[in-house]
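This briefing concerns a predicted model. Please consult the sequence and the coordinates shown here alongside the points that follow.

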Amino acid sequence: MTNKKNILVVGGTGTIGSAVLRSLIKSNTNDQIIATTRRATNPFPAGVQSLQVDLLTDPDHIRTSLASLPPITHLIYAGLFVDPAQESPQSYRTMRRLVKGTGWVYSNFGWIPNLRTTIEQTIAHSTFATTKGKENEKMLDNILTALEQPPHQLQHVGLITGGKFYGMHLSPYIHLDWRTTMREDDPPAPEPNFYYFQEARVQTGAQQHGYAFTISRPPYIVGYSDSVGFNLLKSIAIYATLLKEQGLPLIFPGDTAAADAIYAWCDVDLVGHLHAWALDTPTAHNNIFNISNGNPSSLRQVWPDIAAALDMEASFDTPPPPSRQVFKNGRTQWPQIVAKYNLRDIPFEQLTKGDSLNLMCTTDWDTHYDLSRLRQAGFTQQADSGAVFRKWIAKLRQDRIIP
């Protein structure tokens, strides 16, 4: 096999995939970097070759599409198929808000906790419903099936899944084996999702065809891509911009429990660095890693950093406006804001639907990541979560996504 790596990145226009490309460009000077896209034009940075292919087609067609490339030696898979029609209805998030209530509601109406459990189960079955679809399983299987055959010489596969493997999204209300600190050897959550298939497919393929693998499971990602609408950072930034236009502070749109819950955050660039590092690191091969900033923190702790990056004041005392209504009004207000500040003219629905912020601000359970395995393997990079939010808010302003 050749010493030069021919690296194929799937999902390079997404939030994580674009971070992978940035890290590869920075760390690889002699290797060839190729990224897949369904577009006819090349949406990638200089130095990245574009391959137009639809991974939901049959493997024979994919193999034909790959024929113009040199033999692929490394695959990093960050692809995601999202069907907007399957996203969780807003009504479930509203219902979660209603049943959380306050202490006296729980004590005086005994059925409320049972109702919340029912609501959480409903959300688990509807939120991110793409995790139950077969498209994400088929896409990975199709590309691996094509690359596991000559002329390709697959040596290593990097796969990004996430905290839903542990049931991070399910909540301790319905996850009977809930563990606040999540470790790589923990059993998968009871609610099936495509991460289980993807991880098993990569490990089985590695055993059968002799390539190594590195799987990462990031939690709440901080970063953005123009092509992704379901994104917490952009939801916060758009929400803040809409409030700022009204002369309001950055009002936290959730309750006290959601503000104080401790989350494991992850700068998306850390995921990119991990997978670039894993290519040539034997201790990373045939391993599964948690990856996060390394300093779990609450939204109450990072909210002032977000506000400062937007030249706003943070507020937890001001009664929050219904965030759903803020985003609904924003659809009509955004064109005027774009014109006023000479922003890039990106459709509001492509920027955000507000769903990720609405959901996060009704999430009131802690999620911690054990990073021992990653540190023992030699990856020591970490990040301050407040600084990460400031960095990405500044990037949104620099890229004229927000004023």
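Lysine 391 counts as partly exposed, at 35% relative accessibility. This lysine forms a salt bridge with aspartate 269, in which the closest N and O atoms are 3.0 Å apart. The model is a predicted one, and a search of the whole structure finds 21 salt bridges.

- Aspartate 269 lies in helix H10 (residues 268–278) and lysine 391 in helix H16 (residues 385–398), so their pairing ties together parts that are 122 residues apart in sequence.
- Aspartate 269 is buried, its relative accessible area being 15%, whereas lysine 391 is partly exposed.
- Salt bridges with shared partners join Asp269 and Lys391 to Arg22 and Asp267 in one network.

**Helix H16**

- Helix H16 has 14 residues, and the distance from its first C-alpha to its last is 20 Å, close to the 20 Å expected at 1.5 Å a residue.
- Its buried residues are Ser385, Gly386, Val388, Phe389, Trp392, Ile393 and Leu396.
- Viewed down the axis of H16, these buried residues fall within an arc of 160°, so they line one face of the helix.
- The N-terminal end of H16 is capped by aspartate 384, which places a side-chain oxygen 3.2 Å from the backbone nitrogen of glycine 386.

- Aspartate 31 and lysine 5 form a salt bridge in which the closest N and O atoms are 3.2 Å apart.
- Aspartate 31 lies in the loop between helix H1 (15–27) and strand E2 (32–37), while lysine 5 lies in the segment before strand E1 (6–10), so this pair ties together parts that are 26 residues apart in sequence.
- Both partners are buried: aspartate 31 has a relative accessible area of 16%, and lysine 5 has one of 8%.
- Another salt bridge joins lysine 134 to glutamate 137, with 3.6 Å between the closest N and O atoms.
- In this pair lysine 134 is exposed, with a relative accessible area of 57%, whereas glutamate 137 counts as buried at 16% relative accessibility.

**Threonine 145 and its surroundings**

- Threonine 145 is found in helix H6 (residues 135–147) and is partly exposed, with a relative accessible area of 23%.
- A polar atom of the threonine 145 side chain lies 2.7 Å from the backbone oxygen of aspartate 141.
- Leaving aside neighbours within four places in sequence, threonine 145 is in contact with Pro59, Arg63 and Arg201.
- Threonine 145 and aspartate 60 are 85 residues apart in sequence, and their C-alpha atoms are 9.2 Å apart in space.

**Cysteines and disulfides**

- A disulfide is a covalent bond between the sulfur atoms of two cysteines.
- With a cut-off of 2.5 Å between cysteine sulfur atoms, the count of disulfides in this model comes to zero.
- Cysteine 266 counts as buried at 0% relative accessibility, and cysteine 361 counts as buried at 1%.

Terms used: Residues numbered from 1 in each chain as written. Predicted model: local features only at pLDDT ≥ 70, side-chain atom pairs only at ≥ 80, totals over all residues. Heavy atoms only, no water. Salt bridge = Lys/Arg side-chain N within 4 Å of Asp/Glu carboxyl O. Helix = DSSP H or I, 4+ residues; strand = E, 2+ residues; numbered from the N terminus. Buried < 20%, exposed > 50% of the residue type's maximum accessible area, 1.4 Å probe, protein only. Contact = heavy atoms within 4.5 Å. Polar contact = N/O pair within 3.5 Å; in protein donor to acceptor, adjacent residues only side chain to side chain. Expected span 1.5 Å × (residues − 1). Arc of directions from axis to C-beta.
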